[in-house]
Amino acid sequence: MLNEQLPRDQGWVPGVVAAAPAGAAPPARRRLRPGAVLLGLAVATLLGLVAVAAVAAGRLVPALVGLHLPRVAAVAVFLATYLVIAVGKLPGFRLDRAGAALLGASLMVGAGALPLDEAYRAIDLDTLALLLGMMIVVANLRLAGFFRLVTAQAVTRAGHPLVLLAAVTLTSGVLSAFLVNDAVCLVLAPLVLDLVGRLERDPVPYLLAVAMASNVGSTATITGNPQNIMIGSFSGIPYGSFAGALAPVAAIGLLLTVLLIALAYRAEFWTRDRLKAEAERARVHVPLVTKASLVTLAMMALFFAGQPPAKVAVVAGALLLLTRTVKPEKVYREIDWPLLLMFAGLFVVVAGFERAVLSPDVVAAVGGLHLERVPALSLVTAILSNLVSNVPAVLVLKPFVAGLADPRRAWLVVAMASTLAGNLTVLGSVANLIVVQRARNRGVEIGFWTYLKVGAPLTVLTILVGVWWLS
């Protein structure tokens, strides 16, 4: 049973939803649809972010122009690396994000921008260890059938489409709060596709809920997503304190996710239709799911007890490798090795840039953006996260946050804004791309504007909630 793969291409290809009754007369005048309003707000949000980015660039560019020639190599390597990471690959080559980070790190050392011994020290081993341990834990939960069991219990008993949407949102959000959200989306997307296929519902809003709720829910804890894992290591904020500060923002965000998706897809959710499909029995390996669940619960308890998250996660992952049930090769295939490589490379690239470029003039120029203020830091973080992705954005902000008057609160602001900004567009986070790709493999298309009309208002509203709460 453990050798089974996820179901292939059996999902429902959506047809026409909520067609008008035959013979119905057209309305006398065109009404303004909530979807059109949301789309207009989304476009306005994008234009506003572009304008703010232009103003910020006007402050920073003059300071960077005065760099001495020996620093030019570091700047060029940094910009080229981040450009490839933002685009996703190097056009004309097969260089992906992980390869770009490794190449950039090598060039930083090779060009003399960063000595080799400092490059070694720049790599944050706590972050890599925590990520690796969490990946092993999630891999065991997935192979055991834990996610199938949770989905079957939490979702398939819903009697109305709106209840189903709330169940999908809650399941994705809560799981992403404690497990890495990318892995949660990788598992939940095909399960939700199968479910809505059996129920003969439009899969798009439910898939949007998986992606958006995973981003929102992962805001709550250090282990929710890769950038929070880094922030937890940099800041030293205890796991419980981090969750206490940001869990309320995540909870409000999940409610907003349900509300905005329901407004955007009124034909799907404003109905008296009942869901009548039989709940499918989840296929699980009981001994393995029991062991993995107990280890996961113990791991989370130790997190909240104040134990170092990296140490706890690595020990938990290592214990789960001690088994007679699953071949270790199956677990290793579940680990995102390119992500770990990208992290290691980016640590070196940013350290080289910081060493070569962060002169007093540059620091003063960035200080002019008033990053000590929660709204300003949230806006800068959100813009950077959508320009170069959230993990690189956090690394860029690291040297500036460390010098602020209240770095602890500043790191919480960066964690909140960088994560919630991932909902702005379909390209905003890896979790979004995973859901879109899984959907496309089943014949379900989620376009850029389809995502934006919900994602942009949700991003603005949730970040405003976060700014209000952290202020």
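These numbered points walk through a predicted model of one protein.

1. **Overall make-up.** The protein has 22 helices and zero strands. Of its 471 residues, 52% are buried. Take the contacts with a separation of 6 or more: residues 24 or more positions apart account for 83% of them.

2. **Helix 5 against helix 16.** Two packed helices are described by the angle between their axes and the distance between the axes. Helix 5 covers residues 125-144, and helix 16 covers residues 337-357. They pack at an angle of about 170°. Their axes lie 10 Å apart. Angles over 145 degrees count as roughly antiparallel, so helix 5 is roughly antiparallel to helix 16.

3. **Who meets whom there.** Helix 5 brings Thr127, Leu128, Leu131, Leu132 and Met135 to this contact. Helix 16 brings Trp337, Leu339, Leu340, Phe343, Ala344 and Phe347. Sorted by class, the contact has ten nonpolar residues, one polar residue and no charged residues.

4. **Val391.** Look for Val391 in helix 19, which covers residues 390-402. Is Val391 buried or exposed? Its relative accessibility is 5%, so Val391 counts as buried; the cut-off for buried is under 20%. Leaving out residues up to four places away in sequence, Val391 touches Pro226, Gln227, Met230, Phe343 and Leu346. Val391 and Gln227 are 164 residues apart in sequence, yet their C-alpha atoms are 5.1 Å apart in space.

5. **Asn181.** Asn181 sits in helix 8, which covers residues 181-199. Its relative accessible area is 4%, so Asn181 is buried. With residues up to four places away in sequence left out, Asn181 touches Ser176, Ser214, Asn215, Ser218, Gly224, Asn225, Pro226 and Ala431. Now compare Asn181 with Thr219. They are 38 residues apart in sequence and 9.7 Å apart in space, C-alpha to C-alpha.

How values were computed
Residues are numbered from 1 along each chain as its sequence is written. This is a predicted model: local features need pLDDT of at least 70, side-chain atom pairs count only at pLDDT 80 or more; totals for chains, interfaces and linings use all residues. Side-chain values use heavy atoms; hydrogens and water are left out. Axes are lines fitted to C-alpha atoms, for helices over the stretch in contact, and angles run from 0 to 180 degrees between N-to-C directions. Helices (H or I, at least four residues) and strands (E, at least two) are DSSP runs, numbered from the N terminus. Angles under 35 degrees count as roughly parallel, over 145 as roughly antiparallel, 65 to 115 as roughly perpendicular and the rest as oblique. Contact means heavy atoms within 4.5 Å. Ala, Val, Leu, Ile, Met, Phe, Trp, Tyr, Cys and Pro count as nonpolar, Asp, Glu, Lys and Arg as charged, and the others, Gly among them, as polar. Buried means under 20% relative accessible area, exposed over 50%, partly exposed in between (1.4 Å probe, protein chains only).
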